[in-house]
Protein chains: 4
Amino acid sequence: MARRGEKIGLWLIGASGGVGSTVALGLAALCKKLTGPTGLVTEQPQFGGLNLPPWNAFVLGGHEFRKESLIAGVHHLSKRAGLFDDKVVRACRPRLVADQRNIRPGTTCGLDPAARRMADFDNAVQDRSAAAAVDRLASDITDFRRRKHLDHVVVINVASSEPGGRKKQWPKTISGLRRSLSRRGASPVPTSSIYALAAVDAGCAYINFTPSTGILVPAIRAYADERNVPYMGRDGKTGETLVKSVLAPMFAMRNLNVMSWVGQNILGNRDGATLNDPATRRAKIATKDRLVSQVLDDTVTSHVRIDYVPSLADWKVAWDYIHFRGFLGVKMSLQFTWCGSDSVLAAPLVLDLARLAVLECRRGVGGPMKHLACFFKDPLDVSRHDLFSQWVMLMTHTTAAHS
Amino acid sequence: MARRGEKIGLWLIGASGGVGSTVALGLAALCKKLTGPTGLVTEQPQFGGLNLPPWNAFVLGGHEFRKESLIAGVHHLSKRAGLFDDKVVRACRPRLVADQRNIRPGTTCGLDPAARRMADFDNAVQDRSAAAAVDRLASDITDFRRRKHLDHVVVINVASSEPGGRKKQWPKTISGLRRSLSRRGASPVPTSSIYALAAVDAGCAYINFTPSTGILVPAIRAYADERNVPYMGRDGKTGETLVKSVLAPMFAMRNLNVMSWVGQNILGNRDGATLNDPATRRAKIATKDRLVSQVLDDTVTSHVRIDYVPSLADWKVAWDYIHFRGFLGVKMSLQFTWCGSDSVLAAPLVLDLARLAVLECRRGVGGPMKHLACFFKDPLDVSRHDLFSQWVMLMTHTTAAHS
Amino acid sequence: MARRGEKIGLWLIGASGGVGSTVALGLAALCKKLTGPTGLVTEQPQFGGLNLPPWNAFVLGGHEFRKESLIAGVHHLSKRAGLFDDKVVRACRPRLVADQRNIRPGTTCGLDPAARRMADFDNAVQDRSAAAAVDRLASDITDFRRRKHLDHVVVINVASSEPGGRKKQWPKTISGLRRSLSRRGASPVPTSSIYALAAVDAGCAYINFTPSTGILVPAIRAYADERNVPYMGRDGKTGETLVKSVLAPMFAMRNLNVMSWVGQNILGNRDGATLNDPATRRAKIATKDRLVSQVLDDTVTSHVRIDYVPSLADWKVAWDYIHFRGFLGVKMSLQFTWCGSDSVLAAPLVLDLARLAVLECRRGVGGPMKHLACFFKDPLDVSRHDLFSQWVMLMTHTTAAHS
Amino acid sequence: MARRGEKIGLWLIGASGGVGSTVALGLAALCKKLTGPTGLVTEQPQFGGLNLPPWNAFVLGGHEFRKESLIAGVHHLSKRAGLFDDKVVRACRPRLVADQRNIRPGTTCGLDPAARRMADFDNAVQDRSAAAAVDRLASDITDFRRRKHLDHVVVINVASSEPGGRKKQWPKTISGLRRSLSRRGASPVPTSSIYALAAVDAGCAYINFTPSTGILVPAIRAYADERNVPYMGRDGKTGETLVKSVLAPMFAMRNLNVMSWVGQNILGNRDGATLNDPATRRAKIATKDRLVSQVLDDTVTSHVRIDYVPSLADWKVAWDYIHFRGFLGVKMSLQFTWCGSDSVLAAPLVLDLARLAVLECRRGVGGPMKHLACFFKDPLDVSRHDLFSQWVMLMTHTTAAHS
């Protein structure tokens, strides 16, 4: 149960991006009672008996390789996407300034050439090897824990998507991996995995809210298991895929034969710009696309498209067209248009995940937090993609383990 | 378990309408293996161990007050709405001709003036009182059972919607009700309830697939309980409401604040024409509208509109706009357009319900079949409207009671 | 041609409502070069040679019976609907404060009971008769003209919609009408017509941007003709109807047979609240609905629905479903969803109309300005509803009369 | 003017495809008065005084390299897409059988490797050179003219789209081109241009209803001008682009600033399968995409996507999202979903074009028929893409030249 005076660190990788700066603003607004529980899963009555850490127990920190500050990130969203109430932003400004002091420079090790072209790295340190980067990043986190007297730190990756890595070339053991990381030249694993390894080295819970590789390099994952660190991922289920994860089971329950499911996503934020790179886009689409074939079947013609439309800023518009056959072979259709702000949908889930990970940290239980599947597009070690089964998993786990 | 040679009667009230004639065509096509399991809930593996009656165990009969035959009903749908494959229709024709011989004249007792204006009654008998109608209708069903050597008969109301009755004036006991029904003049209960009483008198399972009153006259329901007859209703959950019953829980699970939910339904079939009558429309909308306030909350601005658009024939198009608020008060939206054939969506569920009711008949268990809630917009005695909870109810019941 | 130092009054009826306050903000922002020409028809090159009055020639004034000021109106839109840039609002504040001094109290004469229930009248004068109201309102305008040394004043009705008047009871001559107006008790004509008469009495151009009656009381219109006052209306074509006015001609040109055209409008502003009154709604729908039957034909099943959805604030969402038949009788569909801010769409057209009316004032030409048809849902004396024919009318007129 | 007994040949390239077989069925149905004028532009009153050839003046013929017959093409559409009334198909069958006798084998010369992979060529002749193909195809047409005693023959390309050719390598003179065509090996021009040259050699009017190159090889076009043959193209404006060609001008007329226009097209016919080839898709998208930048401006973010979704058969569903900015910089949106049958939309326009081309043949006027711009996505020598300006061009031409 929650100890009196417990303090929790929330360490964000990609801290000043859309999601990161919304998390910071939201946390500040919650502490000041300037916003309500809307969008926060764990603020519902079902979670009342779990002794979840209160919002004012959290201290924010993170890594960021761009020069943009948290406040600049918030202003960017306010100005371009019209998201936030000016009064709330003004009232939270002092807290954001304080949080900014906990942001440490990111690394460019392992970065893909495409990402390298589009981002600025004014705040990145040029680490002399990937191993050196891991050490530096891990000590940033442990320093944060020590300085702030934190009981637990949860590390969450909310950086831009990266292209899929080439799995076969990864060393199989953690020691082999470390040797390989200490060589000069291109890192054998992508940036997200360097951060993941740093999190495990620092003994922190690790959550991957993006489709990037993160902890899924087998040697890193095995090492996390060994160190008894809880982890989960990947790719937050915030919008179109969330809707798909209830509609697909609906068709299945009625035994309707979905012939085709076409999705067109347009978005204008940094993630959209990153997704203009074909390899990154493929990685993202793979996690979005899995659901239909899992819940329905492999014969469905499934297309997912993502296009970068700068005028939308942080907004994402998704159109899905579902062509299905009913009794006696009659063809029918359902189409939907989702219009949401990605950062605003993601941020409360990041806060929920941090809270729920703390429960495992308190119990000292490591390994994959499969009961958090409902938060992810591609939940680790979980083959059920329908939201309701995943919800039951969450309810069952929290009831059994924590009440 | 299913006995060898078991024979089941499926008695449809409003037999030659869109739903009724599609049920007849579908049953014939299933028996001839001209169509597959698509759209039939009970053809899924989960229902495999229940010894459900096979399709060729069913014999079709029913009441109809219009002159139109089953074949004419099927042709009507084929020609105006382009629904069926000509080859299937031709191959099923002999069976439809045979089924037609089991259709008996309906009654006009208790009919609302609006319905009276729009329908033709060339096949109706002018019963001299509502009580006489009940007797005649019940003996039609018992004759059918005897003639066809049926083990069980399931009566399902698939007639057009009727306006809501005035509940207060109903006699409280079945004997009081029968006295009132035997008087000349306007029936104290609507037509659907006259049919429901006849079904109970005949000792049959009764299911109300429409928003009409049916068995919900308290004296009739109490009498059904007393006679240990299984029953359920009302208003089949076929299209827009089905989608709402998965989307509303999704918003709830994510703690998103739905501010407004607006639905516009347009349809061109007989039901649409009937719904042009304001009182009937209100009755229909009431069952459609309940879901949002139950799953979400009472503060949602909820509008449901239904308009009659003859060019759509049996097609129904529904547009729903959901306006919701996320974290930090940001407003977002989801909209969907459903385009489906009402008859084709309803017919397989009617067949499923008949099968599942037989299980209760075999066990001799009467009363409300609450485990069938997932089939209805306004499930009797069940306050949960989300499809997934309802599905769990069905799975739990069938596993516990019948496996 | 534009005289040096020419000054123009723009007098708004309902000055502090959504449209009125957006006009005030926009005019201020244009004068300060804080906003560009987007949305202003007359800022296009085709209008370059007409010597239209520049934006800084305009002085704003108007009538308003609610207590809300222009600034409050702007803040209301900013806060509830998230419309404007805070910097622009702050920079324009002094000008809005100055404009506010030209706002005079409105009248409640002729107001419908429904409107009476929903509005506050803290700024209304209780005129002792409709005739007294006309005199007071007219002298407000002539005072404004004198005080501000204005060359021309254009009066534009941007108040909330009112229910349709009962035409038959109107006196046929202006003297008969004035006699009737001078009696105590309920006004024989609606409020909008009292304002219209005041405008004509003051010798001003009059434009009705709403579906209200305004100048369309025959005696008033005849009097305007006699006084050689230019006028036009009614009901600004801003959103859904604008789209219809290009799509309907498209179907016509391809000889496609539109069978049904269903429109569902939801909106959350004051106009939406007013439209909750069935009579007002009917009046509004009548002007929206005319287009389809005029451009296509009378056999189209046409439904237009309007629902009040407060969460949308100043936003209007309209869904239209068009069901049409092509070659060989094949049925197809087009559906669209329009999502726009009513005030922001209307305001620039109000400014355009003021400019274009000045051209007629300068020439001393009175009567209906039929060439302005493209701005209206129900253009006076013009039967063509397609936008392109209307555009050609505007181009032809401005080229012939003013270049 | 129309001569008594005038006979017209309509020669279709790709005769048994979706469009071709619908043209054949439609022409038969029109002659038998089994279908009405819906979808036929030239059946409108404005075209009444032009002495257009009546439908029974037309004789159908064409080239086809697949084995599928006209009747098979019609059945394919009926069965897979549910398009036609069985009675009409049965009644037209004898005429389709007769038409089939006028179908000659196509050529595979100049065919792209991608097209080569997906089509069957059971009805293709293996011409020994492109020049030999031109000669054979031209003599097929002249034979048809002679045998059927035709006054004029109009050749219309309705075959599948082909990838864009490499223009620079084309010989500049017709004699140079012919030399190049007579060499063995790959044809220097694509198949569509081989057919176009054959049409010109046969002295026929030529119309390109596809985005393929056709007559746009400069040497072929110059030769057509020299021979005084009328021609026009390219790519019929049937669906999504038709809608765009009225909506884009609407935004322009209101001076609204379209920031982004995204279109997602899904379709299931042969054309869709062909468009799975990236090069072909690029060629198609280029003609679809031109409109937005021409009517609006070059700064619009414009994406057009096309995906092959077999379950849609001949249906095409297009979703367009238009993001625009209004007055004071406020962002708004319009989205539409078009659901139409490509073949059924195209076929009547093919018939219209044949009729209108005959007018030019009668007058002996060759060259580009620019007045037919309203029928094409990418009208030859015409830079106006808005439907209404194009309509005025058609009205002006037909009034001036033919009444």
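Modeller: The model is predicted, so local features need pLDDT of at least 70, side-chain atom pairs count only at pLDDT 80 or more, and totals for chains, interfaces and linings use all residues. Residues are numbered from 1 along each chain as its sequence is written, and chains are lettered from A in the order in which they are written.

Colleague: How do you know that the same surface serves both copies?

Modeller: Two residues are in contact if their C-beta atoms, placed from the backbone, lie within 7 Å. By that rule 48 residues from chain C and 48 residues from chain D take part, and 100% of the contact residues of chain C recur in chain D.

Colleague: Which element gives the most to the side of chain C that touches chain D?

Modeller: E10(C), with 10 residues. Helices (H or I, at least four residues) and strands (E, at least two) are DSSP runs, numbered from the N terminus. Among the other elements that give two or more residues are helix H1 (18-31) and helix H12 (342-363) of chain C.

Colleague: What makes E10(C) and strand E10 of chain D a pair?

Modeller: Two strands pair if DSSP finds at least two bridges between them. Here seven bridges join E10(C) to E10(D), residues 331-341, and the strands run antiparallel. Cys339(C) stands opposite Ser333(D).

Colleague: What is the largest nonpolar core, and which residues have the most contacts inside it?

Modeller: A nonpolar core is a set of buried Ala, Val, Leu, Ile, Met, Phe, Trp, Tyr and Cys residues joined through C-beta atoms within 7 Å; buried requires 20 or more other C-beta atoms within 10 Å of a residue's own (exposed: 12 or fewer; partly exposed: in between), with C-beta atoms placed from the backbone. The largest has 553 residues, and Val154(A), Val154(B), Val154(C) and Val154(D) have the most contacts inside it. Not counting residues up to four places away in sequence, Val154(B) touches residues including Ile8(B), Trp11(B), Cys204(B) and Val358(B).
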